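Dear colleague,

I am passing on to you the structure that follows, together with some notes on what I found when going through it. Please read the notes with the structure open beside them.

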Protein chains: 2
Amino acid sequence: MKKISSKLEDYLEAIYLLQQENIVARVKGVAEMLDVRPPTAISAIQRLSELELLEHQHYGYIKLTRKGLKIAKSVYRRHETLLIFLVDILGLDIEVSLPQACGMEHSISAKTRKRFELLTNFIKFDPSILKKWREYCEEHCDEK
Amino acid sequence: MKKISSKLEDYLEAIYLLQQENIVARVKGVAEMLDVRPPTAISAIQRLSELELLEHQHYGYIKLTRKGLKIAKSVYRRHETLLIFLVDILGLDIEVSLPQACGMEHSISAKTRKRFELLTNFIKFDPSILKKWREYCEEHCDEK
DNA sequence: TTATAATATTAGAGGAAGCTAATATTATAA
DNA sequence: TTATAATATTAGCTTCCTCTAATATTATAA
């Protein structure tokens, strides 16, 4: 599977999320979700279409192909895993965690994602460790 | 402090590391470290010079300014923290960890970095937790 | 000291990703 | 059904970041 840029990954992820809600995505929704202007979204969508990662009918729907969906899901999975780690384990606010998860999600491998998930569960579902960690964090988090 | 692109952060970090070894950095070293051609390095160095993050004498040395050094150190610190986390806690090989740390280092805040460091120390320096985590990881890491 | 090698720089091109302004199409409401 | 609003697209420009080829400077070795 070819490597695409992190920007293009963002577009696939956004289209995937819109598809979840509405079956198909539209240019306006994509542009709004990624906070870009419609022409910017269009040009990304056209490149993704050339890569056969989605199908785009003129003035019509946008739909991920099987290959596109696969990439989109994997990006979103990394995003989710990192977000949960930042919020539930590192104890960061959701608002600051979101953009950081969005930044990191393009850099980690499947194996790394899995390890993040394991560590999250290891801590989260062991009350004594979770408690110890929370206390440790509380105690040291104002240092330096 | 102005936000610069992650590419420019990479250049500052590389120059910082070269400075550590040789007092001053040179174009060739920077280009080699970042795996780009000299003209690419030059153009980045010129932009950084305009931002007053480094001083660059024609055909001569490259030296970070105080502002540049501050950014470089902070990037490198994030890099180090993430690398140690990936290797010592998540148990990943150094070769796969390096590029992933390089990717993530541009996305995390100072607070997030600190939390990563705390979590690393919390696990690393508690032998019983470390042992439990290693076993847990070993047991589950082949799933999915 | 001068020729050669190494290094640095400039010039110019290209792709990615963004924008605005203008235009085309589709959807909606009178 | 037709005028208007909403949406999508095209055209053309900008900046960032990369490259190669050509040129300039500095360092080294004969």
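Why does Cys102(A) count as partly exposed? The reason is its relative accessibility of 33%, because partly exposed is the class that lies between buried, under 20%, and exposed, over 50%. Cys102(B) counts as partly exposed too, because its relative accessibility is 32%. Please keep in mind throughout that this is a predicted model. As for cysteine pairing, the count of disulfides over all chains is 0.

To begin with the fold, chain A contains 7 helices and 2 strands, and along the sequence these elements follow the pattern α-α-α-β-β-α-α-α-α. Chain A has 144 residues, of which 43% are buried, and its C-alpha atoms fill a box of roughly 55 × 30 × 25 Å when this is taken along the principal axes. If one considers the contacts in chain A between residues at least 6 apart in sequence, 55% of them join residues at least 24 apart.

Chain A is divided into two parts, with domain 1 covering 6-70 and domain 2 covering 77-140. The C-alpha centres of these two domains of chain A lie 28 Å apart, and the contact between them involves 4 residues of domain 1 and 4 residues of domain 2.

Of the atoms of DNA strand C that come within 4 Å of the protein, 83% belong to sugar and phosphate. In the case of Arg37(A), it is a backbone N or O atom that lies 2.9 Å from a phosphate oxygen of DNA strand C. The elements that give two or more residues to the surface near DNA strand C are α1 (6-22) and α3 of chain A, together with α2 (27-34) and α3 of chain B; the largest share, 4 residues, comes from α3(B). Divided by class, the surface near DNA strand C has 10 nonpolar, 6 polar and 5 charged residues.

Around DNA strand D there are 22 residues, and here Arg26(A), Ile42(A), Ser5(B), Thr40(B) and Arg47(B) come nearest. Sugar and phosphate make up 82% of the atoms of DNA strand D that come within 4 Å of the protein. From chain B, an N or O atom in the side chain of Tyr11(B) lies 3.0 Å from a phosphate oxygen of DNA strand D. Two or more residues of the surface near DNA strand D come from each of α2 (27-34) and α3 (38-50) of chain A, and from each of α1 (6-22) and α3 (38-50) of chain B. The residues of this surface near DNA strand D comprise 10 nonpolar, 7 polar and 5 charged.

With best regards

Note on methods:
Residues are numbered from 1 along each chain as its sequence is written. Chains are lettered from A and ligands numbered from 1 in the order in which they are written. This is a predicted model: local features need pLDDT of at least 70, side-chain atom pairs count only at pLDDT 80 or more; totals for chains, interfaces and linings use all residues. Side-chain values use heavy atoms; hydrogens and water are left out. A residue is near a molecule or strand if one of its heavy atoms lies within 4 Å of it. A polar contact is a pair of N or O atoms within 3.5 Å; within protein, one must be able to donate a hydrogen and the other to accept it, and residues adjacent in sequence count only if both atoms are side-chain atoms. Ala, Val, Leu, Ile, Met, Phe, Trp, Tyr, Cys and Pro count as nonpolar, Asp, Glu, Lys and Arg as charged, and the others, Gly among them, as polar. A disulfide is a pair of cysteine sulfur atoms within 2.5 Å. Buried means under 20% relative accessible area, exposed over 50%, partly exposed in between (1.4 Å probe, protein chains only). Domain bounds come from an automatic or database domain assignment. Contact means heavy atoms within 4.5 Å.
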